[in-house]
Amino acid sequence: VSIVKDIKKNKDIKGVVLRINSPGGSAIASEVIWKEINELNKIKPVFVSMSNLAASGGYYISCGGEKIFCYENTITGSIGIYFMKFNIQNLLKSLGITKDKIKTNERSDIFHANFEKSDEFEKIIYEKKIKEFYMHFLSRVSENRKMTIEEINKIAQGRVWIGKDAKRLNLVDDIYFLDDIYLNLAKKLNIENDFQIKILINKENNFIDEVFNSFFKIKEFLKVNFLSLKNNFDIK
């Protein structure tokens, strides 16, 4: 978001190619990024270049741009959401930890990790909120792809597509390599004979990023070593 805001102010930048390689993530983060991309696109054209993967939240933020391009085998789509919440009640009990609550109403603690969920809660709150945001996701795609909510819903529902099918279903504009996208954007701006490319990458990682990066490094290390054991001992 900070990079996009800087691009808005930079008069030397005439257009943007947004490179996406992401399986998605937080619904709120996706909406915040989409908003900034959409605002930028009103000032300077944003062409989206999908790399190997642009699904769920990755596709969501793509819809902030003017055009969406991908490879034939780009994994994209996954227009859907799910909700997950930890419940640590039994863990706390096993550790002998108790908690007191002060509530202003019966359901003011529904998102607390120590909340005892009920069928009624699950139906009224979870399902309602999931459906609300799913419809919000559909509306973002509908606006970008110039299709109705009903048309989008038929190819959404969390399903994943490869690039050539996404093109057939109008989820992307065309199959292009990155260099072709640069040239198309330059042509739109009438600067195809005189332009430079500046690569902007967010290199700042917060604490959570570092934790997840470490986790995946450990996971890959264990995976490699397990495969090594499997080869040595013929584990089935």
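Is Leu91 buried, partly exposed or exposed? With a relative accessibility of 49%, Leu91 counts as partly exposed, where buried means under 20% relative accessible area, exposed means over 50%, and partly exposed lies in between (1.4 Å probe, protein chains only). The model is predicted, so that local features need a pLDDT of at least 70 and side-chain atom pairs count only at pLDDT 80 or more, while totals for chains, interfaces and linings use all residues. Residues are numbered from 1 along each chain as its sequence is written, and side-chain values use heavy atoms, with hydrogens and water left out.

**A patch on the surface**

Leu91 is found in helix H4, residues 89-94; helices (H or I, at least four residues) and strands (E, at least two) are DSSP runs, numbered from the N terminus. Together with Phe86, Ile88, Leu95 and Ile97, Leu91 makes a nonpolar surface patch of about 510 Å². Such patches are made of residues with over 30% relative accessible area and no salt bridge, with like charges joined within 9 Å and nonpolar side chains (Val, Leu, Ile, Met, Phe, Trp, Tyr) within 5 Å. The accessible areas come from the Shrake-Rupley method with a 1.4 Å probe, and for residues only the protein chains shown count as cover.

**Strand E2 and its partners**

Eight of the 10 residues of strand E2 (residues 46-55) are buried, so this strand is largely enclosed by the rest of the structure. Strand E1 (residues 16-22) pairs with E2 in the parallel sense over six bridges, where two strands pair if DSSP finds at least two bridges between them. Within this pairing, Val16 stands opposite Val46 in E2, and Ser22 stands opposite Ala54 in E2. From E1 the chain crosses through helix H2 (residues 27-43) to E2, and this β-α-β crossover is right-handed; that term applies if, with the strands pointing away from the viewer, the path from the first strand over the helix to the second runs clockwise.

E2 is also joined by three bridges to strand E3 (residues 67-70), and these two strands run parallel. The bridge partner of Ser49 in E3 is Phe69. The chain passes from E2 through helix H3 (residues 57-62) to E3, in a β-α-β crossover that is again right-handed. Strand E4 (residues 75-77) pairs with E2 as well, in the parallel sense and over three bridges, with Ala55 standing opposite Gly77 in E4.

The loop between E3 and E4 holds Tyr71. Although Tyr71 and Asn52 are 19 residues apart in sequence, their C-alpha atoms are 7.5 Å apart in space. Leaving aside neighbours within four places in sequence, Tyr71 is in contact (heavy atoms within 4.5 Å) with residues including Arg19, Met50, Ser51 and Tyr176.

**Salt bridges**

Side chains of opposite charge can pair when their charged atoms come close. A search of the whole structure finds nine salt bridges, each being a side-chain nitrogen of Lys or Arg within 4 Å of a carboxyl oxygen of Asp or Glu.

| Pair | Distance, N to O |
|---|---|
| Lys8 and Glu36 | 3.2 Å |
| Lys188 and Glu66 | 3.1 Å |
| Lys131 and Glu127 | 3.2 Å |

Lys8 lies in helix H1 and Glu36 in helix H2, so the pair ties together parts that are 28 residues apart in sequence. Lys8 is partly exposed at 26% relative accessibility, whereas Glu36 is buried, with a relative accessible area of 9%. Not counting residues up to four places away in sequence, Lys8 touches Glu36, Glu39, Leu40, Ile43 and Lys44.

Lys188 lies in helix H8 and Glu66 in the loop between H3 and E3, so this pair ties together parts that are 122 residues apart in sequence. Lys188 is partly exposed at 44% relative accessible area, and Glu66 is partly exposed at 29%. Lys131 and Glu127, by contrast, both lie in helix H5, four residues apart, about one turn of the helix.

**Two residues with positive phi**

Most residues other than glycine have a negative phi, and most peptide bonds are trans. Lys146, in the loop between helix H5 (119-145) and helix H6 (149-155), has a positive phi near 55°, and Lys146 is exposed, with a relative accessible area of 71%. Asn190, in the loop between helix H8 (178-188) and helix H9 (207-233), has a positive phi near 60°, and at 65% relative accessibility Asn190 counts as exposed.
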